[in-house]
Amino acid sequence: MISLPVPVIDPAISVVNAIIYLLLAPFVGGLIAGIDRRVTARMQGRVGPPILQPFYDVGKLFEKENIVVTTTQNFYVLSYLVFMGAAGMLFFAGGDMLLVIFAFTLSHIFLVLGAYASFSPYSHVGAERELIQIIAYEPMIILTAVGMYMVTQSFFVSAIANSGIPIILYLPGVFIGYLIVLTIKLRKSPFDLSTSHHAHQEIVKGVTTDFSGPNLAKIEIAHWYEYVFLLGVVYLFFGFNPLIALAAIVVAYFLEILIDNTISRVKWQLTLRSAWLVAGTLGIVNLGVLFYLKGVLAP
Amino acid sequence: MIDFHLNYGGQFVQISQLLLFLILFPVVTALFMLFARRGSERCWIVRISAIAIGGAVIVLLLSAFDKGFVSYQIGSEQIGQLMFVIEMLLAVYILYLGVKHRKSFTIALILVQAALLLVFEGGLISGIHPVNSLFVDQFSLIMAIIIGIIGSLICVYALGYMDTYHHHHAEIKDRRRLFFSVLFLFLAAMFGLVFSNNLVWIFFFWEITTICSFLLIGYSQTPEATNNAFLALSMNLLGGVAFLGAMIYLAVMDPSGKLFALDSLIHSGYGVAIVPAVLISFAGITKAALMPFSSWLLGAMVAPTPVSALLHSSTMVKAGVYMIVRFAPVLSGTTEGLIIALVGGVTFLLASGMAISQDNAKRVLAYSTIANLGLIVACAGIGTFNLMWVAILLILFHAIAKSLMFLCVGTVEHRIGSRNIEDMAGLIVRMPKIAVMMFIGIAGMFLAPFGMVISKWAAIEAFVNAPFGLIFIAILAFGGSLTVFFWSKWMGKIISVTHLREVVENSVVKEKWAVLYILTGLVIVVALIFPLISSVLIEPFVMNIYGMTTRLSQANLTIMIMMLGLLMIMPFSMLFYRTGSRQVPPYMGGRPMVSDTKFSGSMGVTRQITLSNYYLENYFGEERLFMTGVTLCWGLLLLAGILLAGVIL
């Protein structure tokens, strides 16, 4: 497994953590994707592919010829992957949570730009929808970081992870909110608007329509990096006890798969509304209570 | 560099001379502009003046950055009388224009203002002793850099732009002598505003900026331009009336006139300073075009683009937020301050939303300006020490990126004949250099690790510990994500490769290129050296006022510089991809592609692919959000007014 931040202020350990993430996250992420496909298949009454299937797929994609609409697509995809990796490294090095979030936004913008660059209707609609997804989930992600700060008095992931505080008890609303936007980020139904892991998508493959071969492989690897980061945030809620945290990650991911297979895709309007509603109610109310308690209990 | 052993007296004279030079030299240039008949004369005067102003600002920065707050006594009795005479003459001029164009609201406002001014100058000012009227501190220095460098770059750019402008618009009367004259007058007024420590002087320069913007907005003399110019004038005169109200209140409260010095007013505490602080903040809100007064800044779009660039980046709106940030220590922790911050916050959120629904590039930029000014005011209204730090940083970053964006849009508009974002599709092929500059400018507005995101980030971290901070964190979280949407889709538009392949940027003159290159460089350089700017200028300033200051985390700085480095290296990866990828047309659902952007439709018709961005009118439609904002903000301002009446009585 990925080494999650151990008690650090020591830069050497941060660097080691970051490098471990960089090297191992694709394998962990790929495995998660493999298990995901298997579980999904079982839910649908199929046998499903081998657990290692995602690795075979990506390996094969790398063997294909690099076909593009415009050569700049290569640049955008590479930047997407590089900044995804960099943002995740920053997270696992124990860096500033907000900076990590902004770095992830930066990386996503590169994917969106890559889709825009090809000037095709399918990727164009995919790109617009991807942007709508970004504005849908970003408020909740920022509120998550702010909530963790309010509990632990630090934006630094290392300090949050090692605070020893059962953050989940203070932020139950924020946690549920985070799980809901996690559905968007994992590209799970009902929010898999811009591109989907399933075969049924009304805009072909959406944001990834015009990527093929090695470029598509890089996008897939970037997804794996992202999985590990996203589940790392789940870990932070339970950072006081690594075993409970791992259990929480497993349960959370299983829930996501279950939702994916039981709820049909919604339109962007409902995606935006529900994500904002969740952030505006669960998120803000939870933080408001914390603000109030902070004022009352520790004046 | 600075020699600390120098005689301080000698140093001070030098700095005060620089301050006077910066205020008076643009006035002299303005006078010359009025009489420069030939285009070549104008070009040379503008270029030389721009260099002189920019140079003087840099000399001022080098000689004053470590001095903190220094003020100078200038014989203010006679100058005050001169200013009064000029103000009355301007009032008569506005009255004449108001009658000529039948603008009853403007007439009413100018009459009220003139009456108040007469009361103030005639009855109240007599007891007021001259104060140290000129001053400079780190915040003034930052403002001076923005005005002196960005402002004069815009003036140089305007030379080439106005040539093309009159070439394209033959029907508009060529009044370039007046135009350039007013541009430099504007710069002079802005310098005066940020270097004045005497409220009477500040008010004078405040009014001059109002008149300058009025003249520039109405430049083309079309009915639309005239109407919008009067709209801007009326709203700013309303602010001017509030400003005068603050001065009269102070004169009545403290006839000794000590409180007319900005520095002593700010340090005089809640009881004395809150009324003028709120009144002047109201004036600031009108000038900074926050809701409910945002319409004047949108109307100002009729003016030639350099005017928009000037209004949005280095002058006018920045004067509004400058004053509010100055009063932040007074507003901090008060209900009135919270209300003003809320006006800013509501403006930030709604203006960011409205920008999504716009396809006119200049309107998108305008809404983005309004949103950022709202954020600055939100920071200043809450006014804790780290929010003051954020506010100043925002002013700086915004000025650079926004001026670059306006000048890029202006250049594009002249080449492709449209300022619609939809028409900018494929700009990366048609105007590659401009497109890259726009790309960097947009990145500067919303992407890590550039300026505006640094500020947004610092703002979130600062609001967490501020009273009522949660409201503003929510506003930032939602509003911030909206900005991501409208900037990204614009970026996507310019980088998509369409059927339009003709390069049209070759006819752009060298002068414009030079200005654009410098501004693009500044966006990147300032993102790199902002820690230096912060430690040399902003932190000492905040320290001086609050006794504590924001410190940047070294670890985060290192990471951001690494990110910036990575971002600058990435484009080189394109060199590797020159060869080795096979190019094919995009996927069109199985329809055969005729060329790479055409496909064969049904019945054998060849069709061109056209793509359009989302504008989400039903959610972020201008009218609906505007009405919401105006109602909310008027409500808030009314509430502030009631509170203020309570304090006065």
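Helix α5 (residues 138–168) of chain B packs against helix α22 (residues 510–546) of chain B at an angle of about 180 degrees, with the axes 12 Å apart. The two are therefore roughly antiparallel to each other, a label for angles over 145 degrees. Axes here are lines fitted to C-alpha atoms over the stretch in contact, and angles run from 0 to 180 degrees between N-to-C directions. Helices are DSSP runs of H or I with at least four residues, numbered from the N terminus. Among the contact residues are B:F139 and B:L153 of α5(B) and B:V515 and B:F541 of α22(B); contact means C-beta atoms, placed from the backbone, within 7 Å.

This is a predicted model, in which local features need pLDDT of at least 70, side-chain atom pairs count only at pLDDT 80 or more, and totals for chains, interfaces and linings use all residues. Residues are numbered from 1 along each chain as its sequence is written, while chains are lettered from A and ligands numbered from 1 in the order in which they are written.

Now look at helix α15 (residues 335–356) of chain B and helix α26 (residues 622–648) of chain B, whose axes come within 10 Å and cross at roughly 175 degrees. α15(B) and α26(B) are therefore roughly antiparallel as well.

Next, turn to the core. Of the 360 residues in the largest nonpolar core, A:A103, B:V343, B:I376, B:V377, B:A391 and B:I392 touch the most other members. Such a core is a set of buried Ala, Val, Leu, Ile, Met, Phe, Trp, Tyr and Cys residues joined through C-beta atoms within 7 Å, buried meaning that 20 or more other C-beta atoms lie within 10 Å of a residue's own. Helix α17 (residues 385–416) of chain B gives the most to this core, with 21 residues. Leaving aside residues up to four places away in sequence, A:A103 touches A:F83, A:A86, A:A87, A:L90, B:A448 and B:M563.

Technical notes. Angles under 35 degrees count as roughly parallel, over 145 as roughly antiparallel, 65 to 115 as roughly perpendicular and the rest as oblique. Two residues are in contact if their C-beta atoms, placed from the backbone, lie within 7 Å. A residue is buried if 20 or more other C-beta atoms lie within 10 Å of its own, exposed if 12 or fewer, and partly exposed in between; C-beta atoms are placed from the backbone.
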